[in-house]
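Please keep the sequence and the coordinates at hand while reading.

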Amino acid sequence: MRYIRPPLPDTRWKTHFHGNNKTDADIRFAMDKGVGCFVVDNEEELKAVDKEAASRGITQKIMLRLTPGIDPHTYEAISTGKVDSMFGVAIETGQAETFTASALGMKHIELRGFHCHVGSQVFAENVFERAAVIMLRFIAHIKDEYGYQAQELDLGGGYGVRAVLRTVYMPCGKADGKHRNDALLARRTLLRKLYRRAPREP
C-alpha cells in the first residue's frame with residue numbers, strides 16, 4: 001500500500017513513514033508527497049534520508065526505531081522487539097547509542113525521538129511495561145551523554161486480540177500488583193529526571 005494524497009498542511013507533520021526496507025525511490029516519493037516524519041530502522045536508511053533532504057535543502061524530521069531486547073512470547077514471525085530483530089537497532093549491544101549519535105550529527109536531520117514495537121498478538125501486559133522502562137532509561141542516558149532531549153517516545157502497539165474462546169488472555173488493568181508498582185515507580189522516576197528541565201515547544 002502506498003500513501004498518495006498529500007495531507008492537509010496542519011496535519012502534515014503527523015504522517016509517519018514506517019518500514020524496514022525503504023528504497024531510495026520510496027524516500028524520494030515520500031518527501032515529494034510531504035510525509036512529515038520518517039521512522040528510520042537502520043544506519044543505511046538514515047544516511048539515505050539525510051542525503052535526500054540535503055539535496056532538497058530541507059531538514060527532515062525522523063524517529064529512530066530501536067529494539068529493547070524483549071521476547072514478547074508471541075509467534076516468531078511477528079516478534080519484533082528482540083535483540084536480533086531485523087526491525088530497528090538494538091539498545092543492549094550499544095548500537096542504538098551509535099545510531100543516535102549519527103543522527104544527531106547530521107545537518108539535514110531533526111531527531112524527534114524514538115520508536116519501538118515489541119511484536120503483535122502479545123498477551124502479557126508486563127511486556128509493554130518492561131519495554132517502556134528500557135526505552136526511558138535509554139532516553140535518560142542519551143540526555144546525560146549528549147544533552148539531547150527526546151520530544152517523542154512511541155511504544156508501538158501489538159496488544160493481543162482474543163480470536164477464540166480458548167485463547168489465554170489478560171484484560172487491561174489486571175496484572176501482578178508488585179510488578180505494576182515497580183514499573184510505575186521506575187517510569188515516574190525516569191520521567192521526573194527527563195522532563196524536569198525539558199524545553200517547551202513553541
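Leaving out residues up to four places away in sequence, Leu 66 touches Gly 88, Val 89, Ile 91, Ala 96, Phe 99, Phe 114, His 115, Cys 116, Met 135 and Phe 138, where contact means heavy atoms within 4.5 Å. A second, separate core of five residues includes Ile 70, Val 118, Val 127 and Ala 131. The term nonpolar core denotes a set of buried Ala, Val, Leu, Ile, Met, Phe, Trp, Tyr and Cys residues joined through side-chain atoms within 4.5 Å. Buried means under 20% relative accessible area, exposed over 50%, and partly exposed in between, with a 1.4 Å probe and protein chains only.

The model is predicted; local features need pLDDT of at least 70 and side-chain atom pairs count only at pLDDT 80 or more, while totals for chains, interfaces and linings use all residues. Residues are numbered from 1 along each chain as its sequence is written, and side-chain values use heavy atoms, with hydrogens and water left out.

The largest nonpolar core has 29 residues, of which Phe 38, Leu 46, Ile 62, Leu 64, Leu 66 and Phe 114 touch the most other members. At least two residues of this core come from each of α1 (24–32), β2 (37–40), α2 (43–56), β3 (60–67), α3 (95–104), β5 (109–115) and α4 (125–146). In soluble globular proteins, nonpolar side chains tend to be buried together.

These elements belong to a chain with five helices and six strands, taken as DSSP runs (helices H or I, at least four residues; strands E, at least two) and numbered from the N terminus. Their order along the sequence is β-α-β-α-β-β-α-β-α-β-α. Of the 202 residues, 40% count as buried. Among contacts between residues at least 6 apart in sequence, 68% join residues at least 24 apart.

In α1, the buried residues are Asp 26, Ile 27, Ala 30 and Met 31. Seen down the axis, they fall within an arc of 130°, so they line one face of α1; the arc is that of the directions from the helix axis to the C-beta atoms. The cover over these buried residues includes β1 (16–17), β2, α2 and β3, whereas the face turned away carries the exposed residues Asp 24 and Asp 32. In α3, the buried residues are Ala 96, Phe 99, Thr 100 and Ala 103. Their arc of only 95° around the axis puts them on the same side of α3.

Which charged side chains pair? There are six salt bridges, each defined as a side-chain nitrogen of Lys or Arg within 4 Å of a carboxyl oxygen of Asp or Glu. Lys 22 forms one with Glu 45, the closest N and O atoms being 2.6 Å apart. Because Lys 22 lies in the loop between β1 and α1 and Glu 45 in helix α2, this pair ties together parts 23 residues apart in sequence. Lys 22 counts as buried at 13% relative accessibility, and Glu 45 counts as buried at 4%.

Within α2, Arg 56 and Glu 52 also form a salt bridge, with closest N and O atoms 2.8 Å apart; they are four residues apart, about one helical turn. A network of salt bridges links Lys 61, Glu 110, Arg 112 and Glu 152.

Asp 50, in helix α2, is buried yet has no salt bridge, and the nearest side chain of opposite charge, Lys 107, is 9.6 Å away.

Terms used
Lys and Arg count as positive and Asp and Glu as negative; His and the chain ends are not counted.
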